[in-house]
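Here is a friendly set of notes for a first look at this structure. Please keep the sequence and the 3D view open as you read.

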Amino acid sequence: MSSFKRAVRQRLQLRMALEGPSGSGKTITALRIAQGLGRRIAVIDTENRSASRYIGEDFGEGPIEFDVIELDSFEPGRLVKLLREAAEAGYDVVVVDSLSHFWMGEGGMLDAVDAASKRGNGGSGNSFAAWKAVKPAERELWDALIRCKTHLTCTLRTKSEFVTEEDSRGKTA
């Protein structure tokens, strides 16, 4: 007997990441996409209420409306719980603005590695070995993002690179 079965077309949930430097339009783009995907939108805001400035904006599809939770600590396990909570509450779309904080923000993955590094080997700071301790939390985070029961749009910050050059007048610009 074969392990295979007939494939059936299913409605799948969107998984999207928008990346760019600060001010590039990630938040509004994520909200406009969310508005096109469903009526009930939940925003997990790590960006100091940046999403809320778009409440009521109308770009032709009606005013943007959503429910929000504003975070100031970014433990990956908290995001896992919030994604489950949003699905259980019946939201159509979740916007995580910004997922970057759960990696490099206060309490994020990099902080967890630093803490594990200080705990192990008498505080020697071996971050390579510390990753082994936090790997299960990282896997849980990625699994929650992939298996989220709602449409999911995450924003990611990129770093801006600045180049200084001399202009035609010899001034640095």
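1. Let us begin with terms: helices (H or I, at least four residues) and strands (E, at least two) are DSSP runs, numbered from the N terminus. The chain has five helices and five strands, and along the sequence their order is β-α-β-β-α-β-α-α-α-β. The chain is more spread out than a compact globule, because its radius of gyration is 20 Å, well over the 16 Å that the globule rule gives for 173 residues. Here the radius is taken over C-alpha atoms, and the rule is 2.2 Å times the number of residues to the power 0.38.

2. A word on what you are viewing: this is a predicted model, in which local features need pLDDT of at least 70 and side-chain atom pairs count only at pLDDT 80 or more, while totals for chains, interfaces and linings use all residues. Residues are numbered from 1 along each chain as its sequence is written, and side-chain values use heavy atoms, with hydrogens and water left out.

3. On overall extent, the C-alpha atoms fill a box of roughly 65 × 50 × 35 Å along the principal axes. Buried residues account for 36% of the 173 in the chain. Buried means under 20% relative accessible area, exposed means over 50%, and partly exposed lies in between (1.4 Å probe, protein chains only).

4. Please look at the backbone in two loops. Which peptide bond is cis? The one from D97 to S98 is, with omega near 20°, and S98 sits in the loop between strand 4 (93-97) and helix 3. In the loop between strand 2 (41-45) and strand 3 (67-70) you will find N48, which has a positive phi of about 55° although it is not a glycine. N48 is exposed, at 60% relative accessible area. R49 is found in the loop between strand 2 and strand 3 too, and has a positive phi of about 70°, again without being a glycine.

5. Now the charged pairs. A salt bridge here is a side-chain nitrogen of Lys or Arg within 4 Å of a carboxyl oxygen of Asp or Glu, and by this rule there are six salt bridges. One of them joins E140 and R84 (4.0 Å, N to O). That pair links distant parts of the chain, with E140 in helix 5 (residues 127-147) and R84 in helix 2 (residues 76-88), 56 residues apart. E140 is partly exposed at 38%, and R84 is partly exposed at 46%.

6. Because D143 and R147 are four residues apart in helix 5, about one helical turn separates them. D143 is partly exposed, with 36% relative accessible area, whereas R147 is exposed at 57%.

7. D167 and R169 form a salt bridge as well (3.6 Å, N to O). Is D167 buried, partly exposed or exposed? D167 is partly exposed, at 26%, while R169 is exposed at 68%.

8. Finally, which residues form a negative surface patch? They are D72, E75, E106, D111 and D114. Patch members have over 30% relative accessible area and no salt bridge, and like charges are joined within 9 Å. Asp and Glu count as negative, and the place of a charge is taken as CG of Asp or CD of Glu.

Definitions and conventions: Patches are made of residues with over 30% relative accessible area and no salt bridge: like charges are joined within 9 Å, nonpolar side chains (Val, Leu, Ile, Met, Phe, Trp, Tyr) within 5 Å. Accessible areas come from the Shrake-Rupley method with a 1.4 Å probe; for residues, only the protein chains shown count as cover.
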